[in-house]
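I opened this notebook to record what I looked up in one structure. The entries follow the order in which I took up each topic.

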Amino acid sequence: MVAEDINGTKGFNNPVSLRDIEAAAHLIHKVGRVTPLIQSMFLSRNVTNGEVYLKLENMQLTGSFKFRGAFNKINHLTDAQKARGVITASAGNHAQGVALTSHLLGIKAIVVMPHGAPIAKQEATAGYGAKVVLHGDNFDEAHQFMEEEAAQKGYTIVDPYNDNEVIAGQGSIGLEILDQMWDVDTVIVPVGGGGLISGVATALKSFNPNIHIVGVQSENVHGMTASYKENKITTFSKGKTLADGTAVATPGDITFPITKHLVDEMVLVNEEEIAKAMKDLLQRTKTVAEGAGALPTAALESHKIDAKWLENKKVVALVSGGNVDLEQVSHNIDYFLVSTNHSVG
């Protein structure tokens, strides 16, 4: 299969090229992991009547795909930018990617997290050596504070999604999927601000425009889906979500056009569907997934995706991360054992 750079097709000028993603992959693989792609017999036989594979980014360094984009971005900073120190806003996964990368490169890192960010993610971020600052009740408030701090103190911003180098880093996952399964038919991706799906879609569509790409968000916070439907950047948030890693109310001005042009559909799942997917991934596939990482499985189990893209197809569901508090895992299991009268096994 011959790769084609999709920049400029149909009037769309993608700021991230296949060459950018290939360069990012080469850089990331010097330190990061090529994560496994494993078949889920449970999802294949009981849900889709196809072949469903899990791309286990929960096994990446820091337990999330976010390490890829952070590592690529920070390595592209100038010496002067690194010397000023870096700052970011994150619900936790990007925070850990920035913190670990900064530790490896000897750079000061400040991470702004919203109040209520999972304790496990706060502790892990601090454990990598970053200074954690809690501000605001949600990601957007934390992001605004980050921008104010950067302007006042001269820190270099490492945006969690709306950045070309970050997108290219996340796109390395798409290249890995193709290396592991060149004839994949459908790829299902969690979506927050859009950095992950923008990179993955760019990589995949550059090799095969017929790969069907599905983005999944929570019904409670889905700025990208609202924007996708309205054909303009739109804000949407009506409450908290288990998928805290994707709780971005407004997508980026870089990621939205890429998503709009390259992603084939966006679907929504509710909180109970996310919780069930987290439980099933743990119980049936022995995979620890946080809420955001369980979004693709939730979309499959709730039959939100047209069966024609699943039946007799090779499907990849991206488990984007596994950084979840053990209390949340226990709560989900207990809830479904009581509500369904099922026992583990």
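**Entry 1. Threonine 62**

I began with threonine 62, which counts as buried at 8% relative accessibility. I noted that the model I am reading is a predicted one. I placed threonine 62 in the loop between β2 (51-56) and α3 (66-75). I then listed what threonine 62 touches, setting aside residues up to four places away in sequence: Phe67, Gln96, Gly97, Leu100, Tyr128 and Asn323.

**Entry 2. Domains**

I next looked up the domain assignment of the chain. It gives domain 1 as 18-63 + 163-334 and domain 2 as 86-154. By these bounds, threonine 62 falls in domain 1, and its partners Gln96, Gly97, Leu100 and Tyr128 fall in domain 2.

I recorded a separation of 23 Å between the centres of domain 1 and domain 2, taken over C-alpha atoms. How many residues of each domain are in contact with the other? I found twelve residues of domain 1 in contact with 13 residues of domain 2. The area buried between domain 1 and domain 2 is about 990 Å², and carbon and sulfur atoms give 52% of that area.

I then turned to polar links between the two domains. Five residue pairs are in polar contact between domain 1 and domain 2, with both residues at pLDDT 80 or more. The rule finds two salt bridges across the interface of domain 1 and domain 2. I also looked up the salt bridge of lysine 121 with aspartate 244, in which the closest N and O atoms are 2.9 Å apart.

**Entry 3. Salt bridges in the whole structure**

I searched the whole structure and found 14 salt bridges.

The side chains of glutamate 57 and arginine 68 meet in a salt bridge at 2.7 Å, N to O. Glutamate 57 lies in the loop between β2 and α3 and arginine 68 in helix α3, so this pair ties together parts that are eleven residues apart in sequence. Are these two residues buried or exposed? Glutamate 57 counts as buried because its relative accessibility is 0%. Arginine 68 is buried as well, with a relative accessible area of 0%.

Aspartate 163 forms a salt bridge with lysine 73, the closest N and O atoms being 2.9 Å apart. This pair links distant parts of the chain, as aspartate 163 is in the loop between β6 (156-157) and α8 and lysine 73 is in helix α3, 90 residues apart. I noted that aspartate 163 and lysine 73 are both buried.

Glutamate 301 forms a salt bridge with lysine 276, with 3.7 Å between the closest N and O atoms. Glutamate 301 lies in helix α13 (residues 295-301) and lysine 276 in helix α12, so the pair ties together parts that are 25 residues apart in sequence. Glutamate 301 counts as buried at 15% relative accessibility, whereas lysine 276 is partly exposed at 33%. I then recorded one network of salt bridges with shared partners, which joins Lys55, Glu57, Arg68 and Glu176.

**Entry 4. Glutamate 271**

I stayed with helix α12 (residues 271-285), where glutamate 271 lies. Glutamate 271 counts as partly exposed because its relative accessibility is 21%, and the limit for buried is under 20%. Leaving aside neighbours within four places in sequence, I found glutamate 271 in contact with Ser218, Asn220, Lys240, Thr241 and Leu242. With the side chain of serine 218, the side chain of glutamate 271 makes a polar contact of 2.8 Å. I also checked glutamate 271 against threonine 48: the two are 223 residues apart in sequence and 21 Å apart in space, C-alpha to C-alpha.

**Entry 5. Helix α11**

Which residues of helix α11 (residues 255-262) are buried? I listed Thr255, Phe256, Ile258, Thr259 and Leu262. Seen down the axis of α11, these buried residues fall within an arc of 165 degrees, so they line one face of the helix. I noted the general rule that an α-helix has 3.6 residues a turn, so residues three or four places apart point the same way. The buried residues of α11 pack against α8 (164-180), α9 (195-207), β8 (212-218), α10 (223-230) and β9 (265-269).

**Entry 6. Threonine 202**

Threonine 202 is buried, with a relative accessible area of 0%. The side chain of threonine 202 reaches the backbone oxygen of serine 198 at 2.7 Å.

Note on methods: Residues numbered from 1 in each chain as written. Predicted model: local features only at pLDDT ≥ 70, side-chain atom pairs only at ≥ 80, totals over all residues. Heavy atoms only, no water. Buried < 20%, exposed > 50% of the residue type's maximum accessible area, 1.4 Å probe, protein only. Helix = DSSP H or I, 4+ residues; strand = E, 2+ residues; numbered from the N terminus. Arc of directions from axis to C-beta. Contact = heavy atoms within 4.5 Å. Domains from an automatic or database assignment. Buried area = accessible area lost by both parts, 1.4 Å probe. Salt bridge = Lys/Arg side-chain N within 4 Å of Asp/Glu carboxyl O. Polar contact = N/O pair within 3.5 Å; in protein donor to acceptor, adjacent residues only side chain to side chain.
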